[in-house]
Amino acid sequence: MSKSYGSVRALKGVSFTVPDGEVSCLVGRNGAGKTTVIKALLGLIAVDAGSLRMNAREGARRIGVVFGPEYWVGSRTGEQSLKALALAIGASTSRVPVCLDEAGLGDAARRRVRSYSLGMRQRLSIAAALLGEPDNLILDEPFVGLDPEGVRWLGDLLRDLAREGRAVLVSSHLLAELESVGDRVIVLNDGRVVADRPVADLRQIQGVRLRVHDSERFSDVAARRGWQVERAGRDSWFVIGVSLDEAIRALAEAGVGIEEAAASRGTISDFYFDAVARSREGDVAR
Ligand SMILES: Nc1ncnc2c1ncn2[C@@H]1O[C@H](COP(=O)(O)OP(=O)(O)OP(=O)(O)O)[C@@H](O)[C@H]1O
């Protein structure tokens, strides 16, 4: 898909697949194009080129959408809000208490939304997405405002919904929350997909996570030794396929100060920072 807003090219030929039975994570910096992709998928904006294809096994598939917490009208109760929505989308109102319970809002159903916390509004949005028993789910920043219990609950819910065969697409800046949820990670940068990989592949990668005092000297050592490194932050690195002992010895010999070092497997966070850094250098990795 490609999309411009006037002279701003928000999407420059974005293409990816969201498979059934998986949680796919869309990540990227502010302005990378995530919301534009999601709006285009939902038909809320027209794209200049490209299209969304759904592998419809049984006719048109239904998409559940999580609205931002600001969507709700404060003077309505949670129950009234979902009833109105159920009527609007043609879902049975018998789903309302089921979805409110699923979202942990059973006890707050008759309270006005204006008295809900941010996390409760977010839960109401998630309950709304489940109303129509959707085949697919699209969630834009669903973890915002949730407490630690809520984060775990939502992670488990998304995994369960995917395990039941749904395609789930989540956009989020909260990479730590995605680590235990995602099956696939798609990195957007400046309107392009710059990386797209199964999380299981990342977990296969073994290496050493390091925080060093001097990244320039570290890079010299890494280049001399032929290490494959991924940048995971300003002075944080992930060295692939090297043991902890080997890394510490080599850096100590070269006089590079180490602040932290630990053996580790690949994470979404490493993958993300590395993909964004490479795309800035013009080296688009997939
Ligand atoms: N209605 C609009 N009019 C003009 N430019 C827009 C509009 N909506 C988005 N843009 C621009 O398109 C680009 C992509 O924006 P988008 O909101 O899709 O990014 P995002 O990845 O969702 O960012 P964030 O993480 O901050 O939510 C940005 O440069 C943004 O300024």
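In the predicted model, the C-alpha centres of domain 1 and domain 2 lie 38 Å apart. Domain 1 comprises residues 2–198 of the protein chain, and domain 2 comprises residues 206–265.

The residues around the ligand are Tyr5, Val8, Ala10, Arg29, Asn30, Gly31, Ala32, Gly33, Lys34, Thr35, Thr36 and His173. By class, this shell contains 4 nonpolar, 6 polar and 2 charged residues. Because Gly is counted as polar, Gly31 and Gly33, both of which are among the residues around the ligand, belong to the polar class.

At Gly33, a backbone N or O atom is found 2.9 Å from an oxygen atom of the ligand. For Thr35, the atom concerned is an N or O atom of the side chain, at 2.7 Å from a ligand oxygen atom. Thr36 likewise places a polar side-chain atom 2.5 Å from an oxygen atom of the ligand. Each of these distances falls within the 3.5 Å limit for a polar contact.

On its own, the ligand has 640 Å² of accessible area, of which the protein covers 58%. Of the elements, H1 gives the most, with 3 residues.

Conventions:
Residues are numbered from 1 along each chain as its sequence is written. This is a predicted model: local features need pLDDT of at least 70, side-chain atom pairs count only at pLDDT 80 or more; totals for chains, interfaces and linings use all residues. Side-chain values use heavy atoms; hydrogens and water are left out. Domain bounds come from an automatic or database domain assignment. A residue is near a molecule or strand if one of its heavy atoms lies within 4 Å of it. A polar contact is a pair of N or O atoms within 3.5 Å; within protein, one must be able to donate a hydrogen and the other to accept it, and residues adjacent in sequence count only if both atoms are side-chain atoms. Accessible areas come from the Shrake-Rupley method with a 1.4 Å probe; for residues, only the protein chains shown count as cover. Helices (H or I, at least four residues) and strands (E, at least two) are DSSP runs, numbered from the N terminus.
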